[in-house]
Amino acid sequence: PRLYREAWQSPGWHAEVARYVERQKRLIAERRDDPAADDICIEIFDMLCQMEASERVKWLDMVNEERNPKAWAASRIRKSSILRTGAPPDLEGALKELDRVKGDKISGSTEYVHVCRMRVELLALAGRMPEAQAAAREGVRAADAWARANKKGVQSLTNARMLGYAGLIEEAEQLIGQAETNSGNTAYVRLDIGTRAFARKDMDQALRWTGGITNRADRNAWEEARKLAAKTYLALGDNEKAVAEMTERFTSARTPDAESKAKQAVAGMAFAAAPVGRQAPPVLGRDMGGKDVNLGDFKGKYTLVDFWATWCGPCMSAVPGLVKDYARLQAEGVGLVGISLDNDRSALDRVILSEKISWPIILEVNGWNSDTACAWGVEAIPAMFLVGPAGVVVTNNIRGPCIADKVLAIVKAGKQQ
């Protein structure tokens with residue numbers, strides 16, 4: 001795991017990880033009666049982040065509940081996350097995985113508290129609020145049991161999160177108030193609860209929680225709150241208030257022409273909310289060799305637009321496969337443009353050289369606040385869009401290995417229409 005976390009910018013890092021996994025496979029085969037084998041299965045699942053989900057979950061399903069209950073809980077948490085973030089999301093399947101964890105075997109553990117918190121979030125997201133509230137109270141009991149077992153104080157913020165997810169506002173506010181008295185800024189808890197409310201389309205609560213973040217001492221939380229408030233107003237159809245929130249954010253950051261930047265950011269949010277079928281925003285810049293790059297020059301052909309950075313582990317995991325796929329994509333007339341959100345050109349230069357990247361890459365040193373990232377509404381990477389011959393986004397659901405297979409299948413289907 002240390003190798004994976006620290007060495008991903010080094011040449012040949014992916015080969016080292018592959019060798020490590022093979023060694024661990026042999027160890028598992030030799031020690032199937034040892035609970036440590038279950039921990040290794042979890043570890044390998046985490047490392048192989050670019051493997052297809054169906055292949056990754058095989059490692060989770062090797063974990064033995066009776067031999068290692070905590071590893072079993074960790075495996076169900078991970079499988080639940082995969083089901084929840086799938087395309088399309090499977091909330092019921094995700095809940096069933098969590099329901100397989102027996103609290104009596106791991107009561108008083110961090111794993112069980114995590115299971116409870118995820119159940120609350122999923123039940124609320126599914127609109128099953130009475131069940132979510134009951135699960136939140138069970139989660140509070142689990143968190144308090146963990147605190148007693150580990151001689152810790154009351155877990156006010158953990159409990160507030162669960163109660164807030166379930167819409168138990170007054171109880172959550174009371175706990176947050178206690179935490180503010182004892183430990184200061186709780187802006188991130190409010191932001192977290194507001195984000196979950198937005199996800200389940202409870203816009204009133206999303207605005208209530210973001211509106212409570214007024215202290216600019218924690219600038220990151222305050223700025224993210226303004227962004228979430230803007231997205232909420234945009235979802236409610238109030239573009240003017242959305243722009244006002246983002247203008248306040250950019251003005252506070254002393255961004256030149258803050259209102260113009262805010263309008264660009266809000267337009268990007270609107271695009272990101274439903275990009276498929278919409279005209280792709282512009283991509284303009286110079287590649288690392290100083291050559292002009294314009295997405296408009298790719299009109300008439302399918303083109304991948306890939307937002308990434310060298311500091312992003314999953315992005316770097318995908319690079320070797322994309323390097324191999326690029327020749328196939330070129331042969332079929334598919335273009336590729338990389339948008340790097342790095343702020344360190346030397347790191348990007350090293351990766352381009354070591355990984356033999358040959359497609360054009362534009363370096364956006366302003367990262368998330370760059371014009372390109374704002375226009376496309378990019379808030380997380382890796383993010384890859386396939387733009388069709390007419391300049392319209394065909395899909396933004398391209399990830400994992402074998403990208404060429406997925407893209408060329410879409411291209412073939414498009415040509416047959």
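Just after helix 10, G167 takes a positive phi of about 80°. The model is predicted: local features require pLDDT of at least 70 and side-chain atom pairs count only at pLDDT 80 or more, whereas totals for chains, interfaces and linings use all residues. Residues are numbered from 1 along each chain as its sequence is written, and side-chain values use heavy atoms, with hydrogens and water left out.

Helices are DSSP runs of H or I with at least four residues, numbered from the N terminus. In helix 10 (residues 156-165), eight of the ten residues are buried, so this helix is largely enclosed by the rest of the structure. Buried denotes a relative accessible area under 20% (1.4 Å probe, protein chains only). The buried positions of helix 10 are S156, N159, A160, R161, M162, L163, G164 and Y165.

Two packed helices are described by the angle between their axes and the distance between the axes. Here axes are lines fitted to C-alpha atoms over the stretch in contact, with angles running from 0 to 180 degrees between N-to-C directions. Helix 12 (residues 187-199) packs against helix 13 (residues 203-211) at an angle of about 165°, the axes lying 8 Å apart. The two are therefore roughly antiparallel, a class assigned to angles over 145 degrees. Their crossing is left-handed, that is, the near helix is turned anticlockwise from the far one by less than a right angle. Helix 12 contributes R190, I193, G194, A197 and F198 to the contact, and helix 13 contributes M203, Q205, A206 and W209; contact means heavy atoms within 4.5 Å. By class, six nonpolar, two polar and one charged residues make up this contact, where Ala, Val, Leu, Ile, Met, Phe, Trp, Tyr, Cys and Pro count as nonpolar, Asp, Glu, Lys and Arg as charged, and the others, Gly among them, as polar.

T210 is located in helix 13 and is buried, with a relative accessible area of 1%. A polar atom of the T210 side chain lies 3.0 Å from the backbone oxygen of A206. Apart from neighbours within four places in sequence, T210 is in contact with A225, R226, L228 and A229.

Helix 14 (residues 219-235) and helix 15 (residues 239-252) cross at roughly 165°, and their axes come within 7 Å. The contact comprises seven nonpolar, two polar and nine charged residues.

Technical notes
Angles under 35 degrees count as roughly parallel, over 145 as roughly antiparallel, 65 to 115 as roughly perpendicular and the rest as oblique. Buried means under 20% relative accessible area, exposed over 50%, partly exposed in between (1.4 Å probe, protein chains only). A polar contact is a pair of N or O atoms within 3.5 Å; within protein, one must be able to donate a hydrogen and the other to accept it, and residues adjacent in sequence count only if both atoms are side-chain atoms.
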